[in-house]
Amino acid sequence: MTWDNALESYKTYLILEKSLANNSIEAYLNDIRKLIKFCVYERHVEEPENVTYEQLKEFLVYTTQDGTSARTQARLISSIRSFFKFLVYDGRLSCNPARLVEAPKIGRRLPCTLTVKEIDAMIQAADLSKPDGQRNRAIIEMLYSCGLRVSELTSLKISNINFNKNIIKVEGKGNKERLIPLSNRAKQEIKQYMPFREQLDIAPEAEDILFLNKRGGALSRVMIFNIIKQLTFLAGIRKNVSPHTLRHSFASHLVTGGADLRAVQDMLGHESILTTEIYTHLDDKFLKETMEKYHPRSKNNINHAQDE
């Protein structure tokens with residue numbers, strides 16, 4: 001078995017059996033390509049069945065020499081484990097050399113979020129005197145009100161929006177569909193955008209796509225990123241804001257407001273509730289108020305006990 005054959009089979013496995021998104025698949029494959037390059041050119045290992053645990057450790061040490069962060073290395077180790085686990089599962093290897101490889105301990109990095117005031121400032125910063133001004137307002141509102149990933153926003157179809165029931169159908173990672181409520185504010189912004197959309201010379205393949213560029217085609221991820229950066233600057237926000245920041249804000253504001261974590265998980269399209277739970281750690285003020293109100297060792301409760 002050659003490295004090329006193993007990599008191609010692994011790619012097919014990620015597509016057909018794991019149903020991963022294209023970006024995730026490419027990230028896994030790029031990690032394994034780095035390993036292959038090291039094995040072939042640094043250790044002269046021409047076939048994956050000849051890789052040893054010691055060589056995998058040497059590769060990981062090798063990758064840290066260029067300043068690779070613990071988080072990046074953890075992802076790299078995850079890719080290596082997945083690759084060799086597949087080779088064993090597929091009957092190409094009898095023993096998994098990566099089974100004892102341990103990932104570095106890393107803390108959860110809390111995502112950046114925006115306040116409602118900052119989000120409103122971004123929406124107000126859109127120039128309505130320009131043809132794309134209302135479109136940009138609707139984009140910000142949809143990212144925030146529905147918690148969409150940028151890829152979900154760019155592929156959102158008009159036929160998947162039910163204005164009567166105020167709900168949208170989203171095609172997420174792995175082509176998995178989910179339903180998300182459509183807020184009245186988002187509904188209003190979309191309806192105000194539609195007359196501008198109808199004036200475009202729409203490409204046949206984009207007839208059902210909601211958000212379009214000036215040429216009548218679907219918006220790219222990069223264009224959405226640039227729109228966000230421009231509106232962030234015009235709104236005077238100095239945080240490092242990306243399209244995903246609005247998704248984080250959507251989830252954080254729901255959890256802080258008391259929303260059921262399972263409901264938030266469904267709306268975000270998270271496979272695991274553990275991914276959603278990170279939003280319970282974002283609001284320090286809320287946590288402190290809860291502690292002071294309910295814990296018997298808190299200052300407020302001590303005073304209350306003394307009064308009794």
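K34, L35 and F38 in helix α2 meet Q55, L56, E58, F59 and Y62 in helix α3; contact means heavy atoms within 4.5 Å. This is a predicted model, where local features need pLDDT of at least 70, side-chain atom pairs count only at pLDDT 80 or more, and totals for chains, interfaces and linings use all residues. Residues are numbered from 1 along each chain as its sequence is written, and side-chain values use heavy atoms, without hydrogens and water.

**Helix α2 with helix α3**
- The contact of α2 with α3 divides into 5 nonpolar, 1 polar and 2 charged residues. Ala, Val, Leu, Ile, Met, Phe, Trp, Tyr, Cys and Pro count as nonpolar, Asp, Glu, Lys and Arg as charged, and the others, Gly among them, as polar.
- α2 spans residues 22-41 and α3 residues 53-64; their axes come within 10 Å and cross at roughly 110°. Axes are lines fitted to C-alpha atoms, for helices over the stretch in contact, and angles run from 0 to 180 degrees between N-to-C directions.
- Helices (H or I, at least four residues) and strands (E, at least two) are DSSP runs, numbered from the N terminus.

**Helix α6 with helix α9**
- α6 (residues 133-146) packs with α9 (residues 221-234) at about 95°, axes 11 Å apart.
- R135, N136, I139, I140 and L143 in α6 meet I224, I227, I228 and L231 in α9.
- By class, this contact has 7 nonpolar, 1 polar and 1 charged residues.

**The sheet**
- Three strands form an open sheet, order β1-β2-β3, with antiparallel pairing. Strands pair if DSSP finds at least two bridges between them.
- β1 (161-162) and β3 (177-181) each have a single partner strand, so one side of each lacks a neighbour in the sheet.
- β1 and β2 (residues 167-171) are joined by 2 bridges. N162 has I167 in β2 as its bridge partner.
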